[in-house]
Amino acid sequence: MVARERREAGAASGPTAVASSDALIVVRNFTKDYVMGDFTVNALRGVSLEIGRAEFVAVMGPSGSGKSTFMHLIGCLDRPTTGDYLIDGVNVASLDADERAEIRNNKIGFVFQGFNLLARTSALENVELPLAYAGVPTRERRERSEAALEAVGLSDRAGHLPNQLSGGQQQRVAIARALVSGAPLLLADEPTGNLDSKTSDEVMGILVRMNEERGITIVLVTHEMDIAEYASRVVVFRDGKIETDRLNQNRRRPAGMPPVAAVPVVQTKARA
Ligand code: ADP
Ligand code: MG
């Protein structure tokens, strides 16, 4: 704990400090090289951006442009070759593996294209898993997981196994699991990639609601413009760099949701 405090103090005053920024995510000059024998892939070639709290960012770009690599880095699943990263004011570069795992558990929920639910495990138990790993007592675990399933409209499916649920329902279970620990940041890599457009709209409806009602910050990779249009900001990657970074003034609304009352305030300026 003392080590952690010292590191955080260092982060606040050191050369990578961003004391003036209240952003949830601050990325400075990320590069990522994958070395394969005597061949190196420069997957990211200098990416810098800030993402404010409660922003909803869509990440787009051609296949191979570095989107998933970027998501892995901001998800603390991998480390950059060079560059700095602060999440919620914590300098990730200074953390050891255990501390990074703690950040992942407390601050970040993940949703993937393939749902990644445990097959022989009910919807409710799938949602409970992260709480079980975190040592939350059985009863509290159950209550919080039931509430999370209710929030994604699946209370009546709690006892179903994944193969007894539609693709859209499985993805909603995955969203409940991603957010049950109270993480402020949700990272989603092609979450609607396996879903038809009506089901995609339902899943996006859940994400838009989590963003607007709970202030969850969302970073979502998609190759579909239709999906990106739900976001408040669209960042396009090309060849391992950010090509464009723009606010989305005409956000698409999920079926049945009222128009946006006010355009969300973007607290930070992107540095593309
Ligand atoms: P995207 O998600 O935009 O399709 P990726 O981030 O997956 O792009 O990949 C960016 C580049 O890095 C690609 O050229 C890809 O082949 C390469 N790459 C991604 N992951 C690895 C890896 N683990 N090892 C080697 N090369 C990789
Ligand atoms: Mg990818």
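Trainee: How many bridges join strand E3 (residues 56-60) to strand E8 (residues 217-221)?

Mentor: Strands of a sheet pair through backbone hydrogen bonds, either parallel or antiparallel. Here E3 and E8 run parallel and are joined by four bridges, and Phe56 has Ile218 as its bridge partner in E8. Strands (E, at least two residues) and helices (H or I, at least four) are DSSP runs numbered from the N terminus, and two strands pair if DSSP finds at least two bridges between them. This is a predicted model, in which local features need pLDDT of at least 70 and side-chain atom pairs count only at pLDDT 80 or more, while totals for chains, interfaces and linings use all residues. Residues are numbered from 1 along each chain as its sequence is written, with chains lettered from A and ligands numbered from 1 in the order in which they are written.

Trainee: In what order do the six strands form the open sheet?

Mentor: The order is E6-E7-E8-E3-E9-E10, with mixed pairing. Strand E6 (108-112) and strand E10 (241-247) each have a single partner strand, so one side of each is left without a neighbour in the sheet.

Trainee: At what angle do helix H6 (residues 167-179) and helix H7 (residues 197-214) pack?

Mentor: They pack at about 20 degrees, with their axes 9 Å apart; axes are lines fitted to C-alpha atoms over the stretch in contact, and angles run from 0 to 180 degrees between N-to-C directions. That makes H6 roughly parallel to H7, a term for angles under 35 degrees.

Trainee: Which residues in H6 meet residues in H7?

Mentor: Gly167, Gly168, Gln171, Arg172, Ile175 and Leu179 in H6 meet Thr199, Glu202, Val203, Ile206 and Met210 in H7, contact being C-beta atoms, placed from the backbone, within 7 Å.

Terms used
Angles under 35 degrees count as roughly parallel, over 145 as roughly antiparallel, 65 to 115 as roughly perpendicular and the rest as oblique. Two residues are in contact if their C-beta atoms, placed from the backbone, lie within 7 Å.
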